[in-house]
Amino acid sequence: MNIQERIATIFPKADEIPAEFRLPGPVEQDGYIIGGELRSWAGPMQEVLSPVCVSTPQGLVRQTIGRFPLLTEKEALEALAAAVAAYDEGRGRWPTMPVAERIGHVQEFAARMKERRGEVVRLLMWEIGKPLRDSEKEFDRTVEYIGDTIDALKELDRVSSRFVIEQGIIGQIRRGPLGVALCMGPYNYPLNETFTTLIPALIMGNTVVLKPPRHGVLLFSPLLEAFRDSFPAGVLNLIYGEGRRVAPPLMASGQVDVLAFIGTSRAANSLQKGHPKPHRLRSVLGLEAKNPAIVLADADLDLAVAECLAGSLSFNGQRCTALKIVFVHERVAGEFLRRFGAAIDVLECGMPWEQGVTITPLPEAGKPAYLGELVEDARRGGARVVNEAGGMANGTFFHPALVYPVQEGMRLYREEQFGPVIPVLPFDDVETPVRYIVESDYGQQVSVFGRDPDRLARLIDPLVNQVCRVNINSQCQRGPDIFPFTGRKDSAVGTLSVSDALRSFSIRTLVAAKESELNREIIGRIVRERKSAFLSTDFIL
Ligand code: G3H
């Protein structure tokens, strides 16, 4: 079968879907959590269409896989009120609980979460079209992240469990919570990226209002009881609905202390602006990026192609860290394109559960048409699609398009495509890609491919001050999760990583006393008789 035929018949008939990957039935997710109560919603619901279509005699039909509540401002504000009450100006049970106990609650949640792996993974495939192995990886990476976060917090707490005596003052310095956090993750990593803010926010003693992303909501349904049971009432509140409708009133209330949001800078700006007390609000943001690859003339082309392929097309290019523009030295551009095109030709395209599949259907409505417009715009400007059937669409499926030569003025030059389109530009002087990065609104990462240590070093030094990670002969990526993940300009605010996230969701706070007989006696008694969770030398083992 040639590529065109494969794309035309990419979607299965209903009876061709393997039994083990079918959903038992539509997920009727009517439960949301407010104040420790799993409430059932009787109002309007949002139907969830899978990116997976089924081929029928009448044509392709997107599968309806469930429904979730379209909550309103009223329920959103109730969830916020529950989080505010549980925090209770820092006097609540959760923010004053000893760290070891908070860890216990998170461990209980993680244990229950692990039991639901199969269901969550299956919903990841059906809701956002993520391939099976990547869905499993997302789940396992998240569980591992929780474990690593617990270890990092223990370490932080051990360091803080001793007193410091300096200039006649005794101090105990710890990190305390900030208050109420609003956590909103993105659709491409609806579980992992949501949890990389949710878990540090919770474990540091904040209370949370969590809103799952637009796509990737049903996969929270297997976790609802565990959310409800693992934390004291009001600590974790979970709402659904249109972000535009439920999030602004929360911000306008002035009661959100931390905005943890992964999405567009436009949405983040408008949420931040809605908060009446900008200095009370801390923002932890993961935003857009247009990470470039720079392929130098002496690069190992096989390696560069393999990394650029994975970097631009893993999960169909729907990663904030994806390589979204490729600069190739003109001396090797022809060969690079030939090998890149050939590598795309043999990529497995198909349904998320298919063995070895890389390119799968896209969850966002209108995305294939949007990507098609970008390719058309480049064509009009004189570029061509290099690979066979590049840009061919069928329903929610879009075949990757390698587009060359892209130049300034084309939409693909600056727009973040967030999908399987790879713009390639030739360069003669390496100053060309460097200028591109300097002039970009984004500053997350870059990948540089080459062999000459002198030339690479001359690029590394200026580039580390333009972006926050320079990858040598390697694609851009967030992991390993202990590495700091951040960006400059419109790409991020704050740093995430196992340990940085603990800092992002907390503030240094301390108890200090001038060294005197009286103060020594008071502190000694508080510690000996374990009267305070904060002023304590307890050491978590
Ligand atoms: O969408 C952005 C993610 O943080 C990327 O994570 O680089 O591990 O795929 P990743």
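Which residue in strand 5 does E28 stand opposite? I looked it up, and R67 is the residue opposite E28.

**Ground rules.** I noted that this is a predicted model, where local features need pLDDT of at least 70, side-chain atom pairs count only at pLDDT 80 or more, and totals for chains, interfaces and linings use all residues. Residues are numbered from 1 along each chain as its sequence is written, and side-chain values use heavy atoms, with hydrogens and water left out.

I traced an open sheet of three strands in the order 1-5-4, with mixed pairing. Strands here are DSSP runs of type E with at least two residues, helices are H or I runs with at least four, and both are numbered from the N terminus. Two strands pair if DSSP finds at least two bridges between them. Strand 1 (27-28) and strand 4 (45-56) stand at the edges, and each has a single partner strand, so one side of each lacks a neighbour in the sheet. I then checked strand 1 against strand 5 (residues 59-69): two bridges join them, and they run parallel.

Next I looked at helix 5 (residues 117-128). It packs on the sheet and touches strand 1, strand 4 and strand 5. Contact means heavy atoms within 4.5 Å. The direction of helix 5 makes about 80° with that of strand 4. Axes are lines fitted to C-alpha atoms, for helices over the stretch in contact, and angles run from 0 to 180 degrees between N-to-C directions.

**The cores.** In soluble globular proteins, nonpolar side chains tend to be buried together. A nonpolar core is a set of buried Ala, Val, Leu, Ile, Met, Phe, Trp, Tyr and Cys residues joined through side-chain atoms within 4.5 Å. Buried means under 20% relative accessible area, exposed over 50%, and partly exposed in between (1.4 Å probe, protein chains only). The largest core has 136 residues, and F195, F227 and F336 touch the most other members. Helix 6 (residues 132-160) gives the most to this core, with eight residues. Another core lies apart from it, with 31 residues, including L296 and V375.

Leaving out residues up to four places away in sequence, F227 touches I33, F109, F195, L198, L210, F220, L236 and L238.

**The backbone.** Most residues other than glycine have a negative phi, and most peptide bonds are trans. I listed some exceptions. The peptide bond from Y404 to P405 is cis, with omega near -15°. P405 lies in the loop between strand 18 (401-404) and helix 14 (411-414). The bond from G479 to P480 is cis too, with omega near -5°.

A389 is not a glycine, but has a positive phi of about 65°. A389 counts as buried, at 15% relative accessibility. F418 is not a glycine either, and has a positive phi of about 45°. I found F418 in the loop between helix 14 and strand 19 (421-427).

**The ligand.** Which residues are around the ligand? I found R141, N188, Y189, E193, R319, C320, T321, Q477, R478, G479 and F485 (a heavy atom within 4 Å). An N or O atom in the side chain of Y189 is 2.3 Å from an oxygen atom of the ligand. For T321, a polar side-chain atom lies 2.7 Å from a ligand oxygen atom. R478 has a backbone N or O atom 2.7 Å from an oxygen atom of the ligand.

How values were computed: A polar contact is a pair of N or O atoms within 3.5 Å; within protein, one must be able to donate a hydrogen and the other to accept it, and residues adjacent in sequence count only if both atoms are side-chain atoms.
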